[in-house]
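Try each task before you read its solution.

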Amino acid sequence: METDKTINTDATSESSQELQTRDMMLNVGPAHPAMHGIVRIVIDLNGEQIEHTDVEIGYLHRGFEKMSEQVDYNGVIPYTDRLNYVSPLINNMGYCMAVEKLVGISVPARCHYIRVILSEISRIGDHLTCVGATAMELGAFTVFLYMIKAREYLWELVEKVTGARMTVSYCRVGGLKADLPADFSEPCAEVFKEVRKVIAESDKLLTRNRIFVDRMDGTGIITAEEAISYGITGPFLRATGEEYDVRKDCPYAVYDQLPFDVPVGTRGDNMDRYLVRMEEMEQSMQIVEAALRDIPGGAVLVNSETGREIPAAEMVDLAKMGEIESISGGCAVAGPTLEGSSGPHHLSIASDEKRVSLPAKEDAYGNIEGLMRQFKLVMMGHGLRPPEGEVYFPVEGANGELGFYIVSDAAGQAYRVRVRPPCFAIMSALPLLLQGDMIADIIPTFGSVNMIGGELDR
Amino acid sequence: MSKALIQTVTDQFPDAVIASHAYRGDQTVVLQRDGLVDVASYLKQQPDLQMNLLVDVTAVDYSVFGKQPATAFFASSGVQVRPTSGIPDGDPWPGPPAEARFAVVYHFYSTVHKHRLRLVIPIEESDTELDSLTPLWSAADWLEREVWDMYGIRFRGHPNLKRILMYEEFKGHPLRKDYPVNKRQPLIGPIN
Amino acid sequence: MQSNPSFLTTRLDKAIGWAQKYSIFQYPFVTACCGMEYMATACSHYDVDRFGAGLPRFSPRQADVLFVVGTISHKMAPVLTRIHDQMADPKWVVAFGVCTCTGGFYDNYATVMGIDTLLPVDVYIPGCPPRPEMVLDGLMKLQDKIQDHRANGRRAEPEARPEVFEV
């Protein structure tokens, strides 16, 4: 878009020369410094000031929605991991709860508590990455290193529970993969002590830092009405003053029983978003601590008399010999990959609806009913078949309302899975956010958008 | 479960509403395509509805609903979870809306009254055009571009209807059921 | 290939190779989830700076190793090849993550099934995402390749399969 402007040069007053000026078009292209994924912003500049912006996305479109029509319901879970890949458990949880709503089952309370605990840990990781990356782009490389260190501790914690650092695929339709390890509270408390130390240090380094405040304060302003009109939710919306949090307004899992506050900003600029995220991390840690206090008991021994621990290999051999009585009620001790998914844990982490959730490993290996149940749910072409219907289920993602809209035609695969990505709405408002600011303000604004390519382009 | 929203909309626009249901508690209204803008502005402006957040705009292609070829040898032997007494059914799902191929689905939310509504507009294959909601909600801008990109449904009055997730040279609309999953249209071909 | 390798030129090649392998300036072409593991590898816990590869150069003109991190879609492919063309010789390409090696599980209309259909790749690091230890192992294999590149020629043969698999 070119606008010709003429300037009368009064300095050389003899000849009334008129200088023509035009806006310069600058392409902040798809391949730009790592941390924010790939997006193309074409800006029209008048000197340093941005007149008009055009945002082009889609460089990471990986066809999530098409792929989820090809695989069965549990097979979509690894794809959901890679949507918002800094907080994968929240995506897993949202999808599983949407399918559970469609099928109409409920899961045990302990399962809800574990899902809440891990979602909040993922949320802390997401906010650490966002604030750290924003700080790094503004020059505070130390804060980035500190926050990634804290995130590594959290990932080690997640690895203890799920087996993977980042792309966890921990939730299943109708429950979870495995229970929490027996000694989860102590490492969790230690990790939170470290994370709180890191947040306090970063706070001291950034919040009253002259340079940081000058760059973040008053840039990227958006009002609450504009934000709602663009469909923005999450910390971005809460920084403008509107208090909408899916965990409070449409509570799911056990959020209505856990005490926490929702930080709300006032001005809607980058500084408020940074402060809202920092406070949300503290609130998430409080949620996890409250959940660990209130969580109902774990392993329930089915038969307390014969409830002895049997090594899993021995149990399989006994089952093959047909000696079922000696293993019934026992608790299999398997290797680390199956830890937490054995019989006594199973009642508390998976729904008891046999047509939806996988059986305990002792049953899968030990008796024919369990084997049939495992076969029917896992093998390609069989699998879970919800009734026909459509549901929409929103959860509070790290960026806002993450909703799953699922349409089912009673087949083994979903008919349509739609993800409502929270940062899609925020990115569509980026031209408005950048209007009138200078080029240097793109960096903190774009950092506080927390654009995650996997979620934006799916 | 409450169907108050459905009642309000049906009372106000009796000839635009084709059907309605509240399957699993999600209140849904199936509308005719001409009534969309009127109903949407009513939803936004009416003080006791005040649906100020357009959550999502998407589409579904119902052309192979219930007719998908099964992938296993024992084709019909899945674990059909039919609602039993243990699983609450409530309002049963009436099936795909109308006989049209596509359905454009809108989700609305009110941050004031905290209620949700879903609008479903059936669209035939021969006439895939609909009015755009961009004057009412700015969120509709990119969301409708994505529906155009993935399904090929045009929105009248949209300021900038071009592809958003795929590149301009791409031919076809990928999320339609007749677009094969593996069909690639590379911009630069493989070198080996 | 040296036509007449003498003692001094082979020593010189080794010295230059040694200098180049311990001062890698990588261009991290980060697109997707693998970027998180790339960040983890680059930061304090699994420090990549101790290998001399700690300074990413965000301009292809100044970089010598192109780390392609994360899925490449067909929309992004021309950008990737342009970046690769802009880099000056000698340059190496590392395919980080299974989406760049073979396409991963995104076998659909939008993704490139492996960047070796577009660029010549030197080291493949599979994993979804690869653990940082795997990344460091791949980096060390790349360093071996860089060490010998002047003696062997630009693209050496793939590493030989061991006859007896030693753990």
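**Exercise 1: A sheet in chain A**

Task: Describe the sheet formed by β3, β4 and β5 of chain A: which order do the strands take, and is the pairing parallel or antiparallel?

Solution. Step 1: in chain A, 3 strands make an open sheet, ordered β3-β4-β5, with antiparallel pairing. Helices (H or I, at least four residues) and strands (E, at least two) are DSSP runs, numbered from the N terminus, and two strands pair if DSSP finds at least two bridges between them.

Step 1: look at the edges. β3 (24-28) and β5 (49-56) of chain A each have a single partner strand, so one side of each is left without a neighbour in the sheet.

Step 2: from one strand to the next, the twist averages 20°.

Step 3: zoom in on one pair. Strand β4 (residues 40-46) of chain A is joined to β5(A) by 7 bridges, and the two run antiparallel. Val42(A) has Asp54(A) as its bridge partner in β5(A).

A note on the model before you go on: this is a predicted model, in which local features need pLDDT of at least 70, side-chain atom pairs count only at pLDDT 80 or more, and totals for chains, interfaces and linings use all residues. Residues are numbered from 1 along each chain as its sequence is written, while chains are lettered from A and ligands numbered from 1 in the order in which they are written.

**Exercise 2: Confidence in chain A**

Task: What is the mean pLDDT of chain A, and where is the pLDDT below 50?

Solution. Step 1: pLDDT is the predictor's confidence in each residue, from 0 to 100. For chain A the mean is 83, and 88% of its residues reach 70 or more.

Step 1: the pLDDT is below 50 over residues 1-15 of chain A, a stretch with 20 contacts in the model beyond near neighbours in sequence. Here, two residues are in contact if their C-beta atoms, placed from the backbone, lie within 7 Å.

Step 2: residues 301-305 of chain A also have pLDDT below 50, with 9 contacts beyond near neighbours in sequence.

**Exercise 3: Two packed helices**

Task: How are helix α4 (residues 109-137) and helix α18 (residues 442-449) of chain A packed?

Solution. Step 1: the angle between α4(A) and α18(A) is about 170°, and their axes are 9 Å apart. Axes are lines fitted to C-alpha atoms, for helices over the stretch in contact, and angles run from 0 to 180 degrees between N-to-C directions.

Step 1: α4(A) is therefore roughly antiparallel to α18(A). Angles under 35 degrees count as roughly parallel, over 145 as roughly antiparallel, 65 to 115 as roughly perpendicular and the rest as oblique.

Step 2: α4(A) contributes Ala133(A), Thr134(A) and Glu137(A) to the contact, and α18(A) contributes Ile443(A), Pro444(A), Gly447(A) and Ser448(A).

Step 3: sorted by class, this contact has 3 nonpolar, 3 polar and 1 charged residues. Ala, Val, Leu, Ile, Met, Phe, Trp, Tyr, Cys and Pro count as nonpolar, Asp, Glu, Lys and Arg as charged, and the others, Gly among them, as polar.

**Exercise 4: Buried or exposed?**

Task: Is Ile222(A) buried or exposed, and which residues is Ile222(A) in contact with?

Solution. Step 1: Ile222(A) sits in the loop between α7 (210-216) and α8 (224-229) of chain A.

Step 1: Ile222(A) counts as buried because 22 C-beta neighbours lie inside 10 Å. A residue is buried if 20 or more other C-beta atoms lie within 10 Å of its own, exposed if 12 or fewer, and partly exposed in between, with C-beta atoms placed from the backbone.

Step 2: apart from neighbours within four places in sequence, the contacts of Ile222(A) are Ala227(A), Thr240(A), Gly268(A), Ala429(A), Leu432(A) and Leu433(A).

Step 3: for contrast, take Thr9(C), in helix α1 (residues 7-21) of chain C. Thr9(C) has 13 C-beta neighbours inside 10 Å, so it counts as partly exposed.

**Exercise 5: Chain C and the interfaces**

Task: How many residues of helix α2 (residues 34-42) of chain C are buried, and how many residues does each chain bring to the contact of chain B with chain A?

Solution. Step 1: chain C has 6 helices and 4 strands. In α2(C), 9 of 9 residues are buried, and these pack against α5 (141-162) of chain A together with β1 (26-30), β2 (65-69), β3 (92-96) and α5 (132-147) of chain C.

Step 1: chain B brings 43 residues and chain A 53 residues to their contact. On the side of chain B that touches chain A, the largest share, 6 residues, comes from β3(B).
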